[in-house]
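User: I am new to this structure. Please show me how to read its side-chain contacts.

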Amino acid sequence: MTNKIDWYEITPEQVEGQGWRDCAVPFGRMPRRIEKVLPEVWRNARSATGMCVFFNTDSPAFYARYTLESEQLGEPNFNVCAFSGVDLYLWDPARKRWRWAAVTPAAALTTRQPEATLIERLVPEYRRCRLYLPLRNPVLKLELGVVAGARFERVPPRRTPPLVYYGTSIAHGAYAGRPGLGVPQLLGRALDLPLLNLGFSGAARMEPEMAELLAEIDGAVWVIDPYHNMNPELAHQNTERFLELLCSRHPESPVLMLGAPRNLRSWLDPELARAEAEKERWYAVSCRKLRRRFPHLHYLKGKNFYGSDEVSIDGVHPNDAAFDRMARILTREVRRWLDRR
């Protein structure tokens, strides 16, 4: 870093995507009262998945320094840039959309306290900026840096009803290349909605307590995406009750229940294929029954989300190309349902 830098600390109140304030860490996603009720969700909820901060500046360079909770900076199948990095987007007024600009370089992610140059040598003009927090490693402190003397304007989070996206590790971001590339983040940008990302790896099981939590939010639309954390028994026991609790609190708002492509190895495993089919059957039965009372409930089977069986390292988690395809399909469907309200 050759420039003198002005640093600005970002507090949780300045970040978009936190539905509750009483969390275990500054940028957590779930209130403390769920710790004993939903312990696996609580464990996952320390990460700031989907959260972003908006700011404006005329700085020709951008810097970040922050403190992470865990010494584990990545996973075998999850790169450190997504797991522990921050992801910078800038608004392109010509194309009228957010475009990617920089992510924490992997070389800077060697400690719990990275300090990184995100991008330099830009034309110094006033820009709208958006920075996503890491997908998995909880953030304890965050500072943004601009060239000394540059203008820096904090932009408060939007207060309009958000997209509420509940789901598995796929919603949590595994194994996206960067924090801004998870399906909920792609969908939120496409719809221009605030996002509440409630993806919890291995812990999206449609418990009634989770439905009650989601129902506390005044959302614009809910996407429910628990497919790969559910087995047929859970689908039978939990799906109808979960959706009924949520829809009864928000009967005029779109609720989208998602299926998914089956495990990509299920063609080799008859027992797995039967379990996937049984789970899908319970989803369909529950949604068909509830739609008689809640016409804004929709079920999307999702078998075509990935577009190929060559897009996963483990048969479940899509790569970035499949994330993009899934988000494009969801954008089209959600827009249609929002327009019908």
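User: Is E280 buried or exposed?

Analyst: Buried means under 20% relative accessible area, exposed over 50%, partly exposed in between (1.4 Å probe, protein chains only). E280 has a relative accessible area of 10%, so E280 is buried. This is a predicted model: local features need pLDDT of at least 70, side-chain atom pairs count only at pLDDT 80 or more, and totals for chains, interfaces and linings use all residues. Residues are numbered from 1 along each chain as its sequence is written, and side-chain values use heavy atoms, with hydrogens and water left out.

User: Which residue forms a salt bridge with E280?

Analyst: Side chains of opposite charge can pair when their charged atoms come close. The rule here asks for a side-chain nitrogen of Lys or Arg within 4 Å of a carboxyl oxygen of Asp or Glu. E280 pairs with K303, their closest N and O atoms being 3.8 Å apart. K303 is exposed, at 52% relative accessibility. The pair links distant parts of the chain, 23 residues apart: E280 is in helix 7, K303 in the loop between strand 15 (297–300) and helix 8 (320–340). Helices (H or I, at least four residues) and strands (E, at least two) are DSSP runs, numbered from the N terminus.

User: How many salt bridges does the rule count?

Analyst: The count comes to 20. One of them joins K279 and E276, with the closest N and O atoms 2.9 Å apart. These two are 3 residues apart in helix 7, so about one helical turn separates them. K279 is buried at 3% relative accessibility, and E276 is buried at 4%.

User: What sits over the ring of Y227?

Analyst: A charge sits over a ring if NZ of Lys or CZ of Arg is within 6 Å of the ring centre and within 35 degrees of the ring normal. Over Y227 sits the charged end of K279, 3.9 Å from the ring centre. R281 likewise lies over the face of W282, at 4.6 Å from the ring centre.

User: How many aromatic pairs are found?

Analyst: A pair of aromatic rings is described by the distance of the centres and the angle of the planes. Rings of Phe, Tyr and Trp (its six-membered ring) pair if their centres lie within 6.5 Å; planes under 30 degrees apart count as stacked, over 60 as edge-to-face and the rest as tilted. The whole structure holds 11 such pairs. F55 and F62 have centres 6.2 Å apart and planes at 55°, so that pair is tilted. Y227 and Y283 have centres 6.2 Å apart and planes at 70°, so that pair is edge-to-face.
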